[in-house]
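Here's a quick look around one protein model, starting on the inside and then moving to a sheet. Have the structure open and follow along.

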Amino acid sequence: MNVLEGGFSITSQMNNAIYNHGGAFNGNNISFSASTGSSGSGAALKLAIGTVIGLNASVINDRSKPAVEVESGSVEITGGSYPANGSPDGALYVGGTVTLKGGTFSNTSFLSKAISVGTNITYASLLEKGCGYTADNGTTFLTDENAIGAATSLTVKAVPAPSAHTHAVSVGCETDSGAQVEFQPLPDMSASNSSGYTLAGGSYYLTANAAVGGSLTINGNVTLCLNGYTLSFSGGTEIEGNASAAISVPRGSSLSVCDCGQSKGKIAYQAGGPRGHAAIGGAGDVTLYGCAVEISKTSDYVANGLYNAGGIFTLYDSHVSATHTISGSDKTPLRHCD
């Protein structure tokens, strides 16, 4: 292994300042330059074969070529500055394997990318776990591939851990008391899933309005904080009592829903089909603390905000509504069977 470390400086006026064509080198805290404008024919660092470990370099590069060009092989970049002077291939070109843990990549032309990737390579795949891209070394992290690809300046750095979401389950209610609970973000369930999703026991909260691409079955004891957002459904699953529910709470499981947001959120279900529907239902236990549950239905048969098939349902300072739009004189908007 070649070790370039501690203020090591390499200068090239025509071709590549560093050209790695096999083996490996450690490039920690080095500087290298590639100058003479467009007359230079290579990148400041070009990797054709081999491995570059822990690259953290200060690059001077006034060419219209990449500061780092990874043709193949693998490079780990932990920090440093990598400019390009209008390079159409980006300040960093990725055709091989790159792991980004840090570094700033910039291209002087507004038409040129900071980072350019080869076929079938995504920007997200370059990042070390826990890191993200910010534009112009800002604090907002980019997640959209098109936005990342269009940026002329990108800095890679660690994404701050989200602040803990902690409060009593009964927050905001007349019964507000009890131990503090730490919630974790609700998993993404937006993809269409005809079989429905299952949520394991735990405490979860919404970080934004969310749509579930199917029904949701509770498996265990679940606490959900709406956090002022809306959790919406368009599909249900069968529950006891020959009915269907967007959220199924089977016997032996429980669901507690609260809302700590100043602008109250809700659980909303747009139901369809020829059978009875509910937003939340089943033979398990359901408790609502200061939240809203809504269901709307346009097809035949009944709509229920809640459907208790044998559990214990408890409501504190909560609102439940069911809207059923029907046509014809023989339709009944609400049915109750003993």
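The largest cavity is lined by Leu186, Leu199, Leu216, Ile218, Val222, Leu224, Ile247, Leu255, Val257 and Ile267. Keep in mind that this is a predicted model.

Where does the lining come from? Strand S18 (216–225) and strand S22 (254–258) each supply at least two of its residues. S18 gives the most, with four residues.

Now for the sheet. Five strands make up an open sheet, and they run in the order S17-S19-S23-S26-S29 with parallel pairing. On the edges sit S17 and S29, each pairing on one side only. Averaged over the sheet, neighbouring strands are turned by 15° against each other, ignoring direction.

| Edge strand | Residues |
|---|---|
| S17 | 210–212 |
| S29 | 319–324 |

Further in, take the pair S23 (residues 266–271) and S26 (residues 292–297): how many bridges link them? They pair in the parallel sense over six bridges. If you'd like one to find on screen, Ala268 has Glu294 in S26 as its bridge partner.

Methods: Residues are numbered from 1 along each chain as its sequence is written. This is a predicted model: local features need pLDDT of at least 70, side-chain atom pairs count only at pLDDT 80 or more; totals for chains, interfaces and linings use all residues. Side-chain values use heavy atoms; hydrogens and water are left out. Two strands pair if DSSP finds at least two bridges between them. Axes are lines fitted to C-alpha atoms, for helices over the stretch in contact, and angles run from 0 to 180 degrees between N-to-C directions. On a 1 Å grid over the protein atoms alone, a cavity is a set of points where a 1.4 Å probe fits but cannot get out, and a pocket is an open set with protein on both sides within 12 Å along at least five of seven lines; lining residues have an atom within 4 Å of a point.
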